[in-house]
Structure formats: structure tokens, C-alpha cells
Amino acid sequence: MKGLRKYGLTLLIFVLILTTAACSSDTDAKPASESGEKYTFKLAHITPTDHMWHKAAEKFKEELDKRSDGRMQVEIYPASQLGTEADMVQQISSGSVDFGFITAAYMSSRAPAFTAWFAPYAFEDLKETNAARDTEIAKKILGTLDGQGIKGLDYVFAGNRVMLFKDKEVKKPEDMKGLAFRVTPSPPLQDFYKSLGASPESLPLPEVYAAIQTGVIDGMDMDLDATITNKYHEVAKYGAVTNHMVWPAVAMMNKGKYDKMSDADKKIIDEAIKAAADYSAETRASQEEEFKKTLSDAGMKIYEIDQKLFEPYIKQFDEKYGPTDPLIQEFIDTFRK
Ligand code: BEZ
């Protein structure tokens, strides 16, 4: 009997120890958001601080701070402070930088499915473009970055592409023949302009102003926001608001860091980037008329070119790029009306 009582007491102590251990490991297993994990992230992009992409980065920083109760802070490195986009993507992939807003144009050289976004005239306006972020195909394209150590989070839009000309009013695609035209160094964009008969010049943004001023180029592919922030109206007389292509930044994060976060913290990242991307597209859409007025008040002739005139070139683009990648074909099939 005495032995039995002693055995019962030992069992009770054993059970108590196990319960205590279980409780303490429960605390250790708390998600990072509850255990108060703190982060100071770095985010890099190429645009100046008055461009919408920088404002979207600031919105993202503010949203993260608010949604994480101050646990997630962001240092923003704008205007290519950390190097070219190739440098930045390398840094994001290795983890020395956490986030980037990188042009889909550059990303198309690392992950060809991003070419799909440059299908000419695929969307009516910025509102329709922004809605396309939330489609299966847009997400599948982001997923092609997985193998590069990069988590594709979302797309940030800051206005569609327009054409600026130094001193020739181009009224139809054929007028482009022989023009030295600045086009961002991305094959789908360059091919589109080649098909129009222009000679594409691969100039990065910081070299464009001097090139048009000195007559090295006759015109450029640009967005209205960058036209104003870089003062191209001082050196280009004509602005054709064609809105012929969209211009997404790919919002991305180092994949290893994202994967290690708790589900609750991943949700904070996902929702903060969505809020920033919505803010960017919605604000930019509401500025379209104001930007056109700013430019025409500054002396630039702002005009439109009928989309119908571009139809043969649209078809040429689709026939060339659709068959190169099933995701590009799916994109074209999804969005062409
Ligand atoms: C460009 O290279 O044309 C560009 C890049 C980033 C934002 C706007 C324009």
C-alpha cells in the first residue's frame, strides 16, 4: 500500500513536470507577431522621390508600421542609390536588401513571362490595368520568380506609356520611321518600336534628358509622371498620350525571409503592399487630366493618336510573343477583347 502511494506521488510529479514543459514550449511556439519580433527592412527602387513609385514605397512603409504596431520598419533607398536594377535584384535575391520595386521591363530579361505586360493596348485605362493585378495569370507570372530566391508580391502601376517627340508631331505609326527613339532596354518594348520603323536606343532614365536636348534621340517612350518629374517638357515639344502599354513595377521580397515569417506577419506584408499598390494606381488614375494640363501649360503639345492605326502592330506583337511562353499566351487570351 505504502509502495503504491509512493508510486502515485511519483506519477503525479512526472505529470506536473510534463504539463509545465508543454506550457513553456507553447509560449516559444507563439507566432512571431505575438512574440513581438522586430524587423528593419531595406527597400530599393530607381525613381526620384517625387515619382509615384516612391510615394507607393512610403505608403508601404506607413502601412507596415501601422499594421505591425511599429514592429516592422522600412528604410527606403530611392533613385538608384543602391545601383542599377540588375544590382538591386541581385541584392534582393541574396538577402542584403529585403524589398524592391523593379520595372517589369527589367524583370522580363530575368523571367520572360513578365513580357506579357507589354502586350500593346491590352487594357482600356489604368483602372482596368489595376484590376488585372488580381487575376490568376498575373499571380502565375509573379510565381515565376520563386526559383530566383525572390517572392513576387504584387504590381505597382504609375501610369501607362506615352510617346514624346523633340520637334516632330507624329500623327500615325508610319511617321516613326527612322526616328532615333529612346526605349527602355527591354526586348518586347524595343521590338514594338522596331515594328513601327523607329530605331530604338537603349538609354537608362538618367541619360535621357541630355540625349534629347542634344539631339542624340528624336523622342522617347515614357510615362506622364516621369515626364513631369524629369522635366522632359523642356526638351520635347510634342506628347502623344497613346497609353499604348502599361508600366508595372514588380513589388518583390527576398523569398527566404518571407518564407521564414509567421503566417500573421506574411499577412501584414501582403496587405500592406496591396494597400500601397492600390494607393498608387488610384492616385495616379485621378491625376491623368491634371498631368496633361501641367504639360500643355508648360508648352508641350498634348494630343492623341487613334489606337486603330496600331492594330497591325498589336497583332504582330501577339503573334511573335504569344508562342514563346504559355503564360504570355494565357495573358493575351485573358485580356484581349
Ligand atoms: C523608364 O525607364 O522609362 C522609367 C523607369 C521607371 C519609372 C518611370 C520610367
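This is a guided tour of a predicted model, stop by stop, with something to select at each one.

Before you start, note that residues are numbered from 1 along each chain as its sequence is written. In this predicted model, local features need pLDDT of at least 70 and side-chain atom pairs count only at pLDDT 80 or more, while totals for chains, interfaces and linings use all residues; side-chain values use heavy atoms, with hydrogens and water left out.

**Stop 1: the whole protein**

Show everything as a cartoon.

Now switch to a surface. The protein exposes about 15700 Å², and carbon and sulfur atoms supply 54% of that; areas come from the Shrake-Rupley method with a 1.4 Å probe, and for residues only the protein chains shown count as cover. Of the 337 residues, 51% are buried. Here buried means under 20% relative accessible area, exposed means over 50%, and partly exposed is in between (1.4 Å probe, protein chains only).

How do contacts span the sequence? Among contacts between residues at least 6 apart in sequence, 76% join residues at least 24 apart. A contact means heavy atoms within 4.5 Å.

**Stop 2**

Select K59, E63 and R67. The side chains of K59 and E63 meet in a salt bridge, 3.1 Å from N to O. That term means a side-chain nitrogen of Lys or Arg within 4 Å of a carboxyl oxygen of Asp or Glu. E63 also has a salt bridge with R67, where the closest N and O atoms are 2.8 Å apart.

Why do these residues sit about one helical turn apart? K59 and E63 are 4 residues apart in helix α3, so about one helical turn separates them. E63 and R67 are also 4 residues apart in α3, again about one helical turn. An α-helix has 3.6 residues a turn, so residues three or four places apart point the same way.

Is E63 buried or exposed? E63 counts as buried because its relative accessibility is 4%. R67, at 35%, is partly exposed.

**Stop 3: a link across the chain**

Next, select D154 and R133. They form a salt bridge, with the closest N and O atoms 2.8 Å apart. The pair links distant parts of the chain, 21 residues apart: D154 is in strand β4 (residues 150–157), and R133 is in the loop between α6 (126–131) and α7 (136–143). D154 is buried at 8% relative accessibility, and R133 is buried at 8%. A search of the whole structure finds 23 salt bridges.

**Stop 4: a negative patch**

Select E58, E62, D65 and D69, which form a negative surface patch. Patch residues have over 30% relative accessible area and no salt bridge; like charges are joined within 9 Å, and nonpolar side chains (Val, Leu, Ile, Met, Phe, Trp, Tyr) within 5 Å. For charges, Lys and Arg count as positive and Asp and Glu as negative, while His and the chain ends are not counted. The place of a charge is NZ of Lys, CZ of Arg, CG of Asp or CD of Glu.

Zoom in on D69, in the loop between α3 (52–67) and β2 (72–77). D69 counts as exposed because its relative accessibility is 72%.

**Stop 5: helix α8**

Select residues 187–195, helix α8, where P188, L189, Q190, D191, F192 and Y193 are buried. What covers them? Cover for the buried residues of α8 includes α5 (104–107), β5 (161–165), β6 (180–182), β7 (199–201), β8 (219–223) and α14 (311–321). After α8 comes G197, with a positive phi near 100 degrees.

**Stop 6: two positive phi values**

Move to A79, in the loop between β2 and α4 (85–94). A79 is not a glycine, yet its phi is positive, near 50 degrees. S80 lies in the loop between β2 and α4, and its phi is positive at about 60 degrees although S80 is not a glycine. Most residues other than glycine have a negative phi.

**Stop 7: R284**

Finish with R284 in helix α12 (residues 263–286). R284 counts as buried because its relative accessibility is 0%. Leaving aside neighbours within four places in sequence, R284 is in contact with M52, L126, A158, G159, L224, D225 and F291.
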